[in-house]
Amino acid sequence: MVHMKKRSEGALGIALLLPIITIMVILVYYPIIKTFSYSMQKMKLTAPQDTGFVGWANYRSVLTSDSFWYSFQNTMFLLAVVVVLTTVFGVCVALMLNVDTKLSGVLMAAAVLPWALPPVVNGIIWRFIFHPGYGFMNKLLIVFGVTDKPIEWMSSRFLLLFVVALVVAWRSIPFSAIVCLSGLRAIPQELYEAAKIDGAGRWTVFRYITAPLVRPFVGIGITAASISAVNIFDEIVALSGYSDLGKNLLIESYLTTFSFLDFGKGSALTYIIMLISAVLGFFYLRSLGKEVEY
Amino acid sequence: MKKRLLSILLCAALTGILVAGCGAKKNDDTNKEDKTTETKEITVMVPDWAVPSDDMLADFTEDTGIEVVMNVVGWDDIRDKVAIAASGGAAAADVIEVDWSWVGEMNSAGWLEEIEMSDEDKADMPTLETFTIDGKVLAVPYANDYRIAYYNKEHFKAAGIEKAPETWDEVYDALKKIKEAGIVEYPYTMPMNADESATTSMMWMAFSRSGQVFNEDGTLNEEAVVDALEFEKKLVDEGYTDPAIKTASGMDCYRKITAGEASFMVGPTKFVGLSNNKEECSVVGQIEAILLPGKEGTSDKTMPLPEAVGVTKFSKNKEAAKEFVKWYTSADTQKDLFKANSSIPTRNEVLAELIEDGTIENAGAMLDEAKLIKSPFPQGIPAYYSEMSNAIYNNINKMVLGEVSAQEAFDAMNKKVTELTSE
């Protein structure tokens, strides 16, 4: 009887999982397998007769091209700047929002707003701000006497990448701040009260209570920002188009696949980006799994 | 027990819906197919500037019984949609926009259906050559864009120049005088951003100055291209162009002439109309369209950049689609399209008529330039055009940003083009 009950529970479990398994197979696993199969083939749409299995040749071709490593460097630069900006400002915003005031609700709404903006809209808004001719940023710098000539923001590789990173960080900070805020709000008040009784100062409280207990939440923010930084696309296109100057791995993949119509090489590139994202995703899951001890 | 039964039923229902959802597409398609065959419905995917008026479409439906569903898509996105659909053996639409730069790859990929044209039509439409490969017409041009020069007569007069420039040296001298006289700060404008418009700009520059861009084998002609790049760089380095245009879109660059901020440019034919429109131009009456300058005199050729419509190979309504293309590119429709969207006719006869009856005002050398249209590609538009263009515009942009010299820019783009031609 017990055996039968266990079996029927197992069947119920499988039945309950069936819809999500079906969705995952169709929308996630099948495309992953199909993309891998494309990445092992010579598959250029402009040469439909010249196709076939080429093994790792597409990966070799991608990994030995200067263009890939240039895009990789850009991606890493964006990753570093986005993560630093998002983490520093995310924590600062969270600390400010954690202070209860009459304006808390309004401040929270204002802080979350950039997160709600679609990336392409975000990019277009900032393109006008950083426009070399009539951009707001140049007007501001000229008015305050910082410069007497407009700065060509999009004309230098690292200046352009910094602007892109700034735009992406602006969109990512709210998520990081909210995650940190939830961490801050989860810290029991008793700990602060005990520290106060022991005569701890503000810095000591932050160093020995707030910082260690909020660290796992900051970890989640960092990982989410890293994934956003690796997957930047719309902002770059809105700010500088598909030019070499600011291209990252995703733009490289898009150009190879949809502009040059080389689905074989493009799929190999996609797989490489997926592996980088998977490594970052691993850290994300690990941050989620970390327990906070009070 | 009841709860468990309910859960199982819900799960079964959800899975059923999912399976039905995945499987229903084929049935839907079949139904749609049946319906479209009955009503002869076709879909047309073009950018917004190519959409005929509702009245024009209603007349077409009345005459032919073919319903037209307009699928208006951003120009950049059309190619992606067509490629993605075609890679799955499907048609993004029955009739699609075919830009001159896409025709080579679309032909190689086998995405376009051949269209029959009479010899009379072929003779009247010089830009048709661009869309003809191995004697097969793959798309029919509807918008006649080719490069023509524009100059601001008042700026030139104010600098003491009475005559329109005929050579690039005369252009250079005029720019120098205009800048020195302080009439405008940046008298010349030309797309230089890392996008397609920088590639075509280099091509017409080389074509007008040296008469060629490519060698017979499809590689870049070093003498012509380096000469064009050096001239372009000279204009940038000597401060005749606004530094902002190095990262601005092609249209933003061209609009400098209608804003009165530039005195000379070579640009699209639509600026003939725009320069007469008070809403678009702040110097109406000052801009004149003239023949492209050359090295010794005016250039004897100009580069066409037409847009066409073609029928996809995967269309299930090929005959109806071809009928639409025929109607859309007919003489009468071209006249109506000019009224609706300012599309410059691709038929020289229609163009001449519109200029003669004053519909196209202040046309300047428009008709004469149309007669000089020649393709700079000796073997037709190559299948690797987009990859080649990417290498060209990125190196031009690097050059104007001061990262490389004209020769270095040429060497880098030539390496890629040679690699592509040898493939």
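Strand β10 (residues 287–290) of chain B runs antiparallel to β7(B), and four bridges join the two, where strands are DSSP runs of E with at least two residues, numbered from the N terminus, and two strands pair if DSSP finds at least two bridges between them. This is a predicted model, in which local features need pLDDT of at least 70 and side-chain atom pairs count only at pLDDT 80 or more, while totals for chains, interfaces and linings use all residues. Residues are numbered from 1 along each chain as its sequence is written, and chains are lettered from A in the order in which they are written.

**Pairing of β7(B)**

**Burial of β7(B)**
- Five of the five residues of β7(B) (residues 148–152) are buried, so the strand is largely enclosed by the rest of the structure; buried here requires 20 or more other C-beta atoms within 10 Å of a residue's own, with C-beta atoms placed from the backbone.
- I148(B), Y150(B) and N152(B) point one way from the strand, whereas A149(B) and Y151(B) point the other way.

**Contact between chains A and B**
- 27 residues of chain A are in contact with 29 residues of chain B, contact meaning that C-beta atoms, placed from the backbone, lie within 7 Å.
- On the side of chain A that touches chain B, the largest share, seven residues, comes from α1(A).

Key
Buried ≥ 20, exposed ≤ 12 C-beta atoms within 10 Å, placed from the backbone. Contact = placed C-beta atoms within 7 Å.
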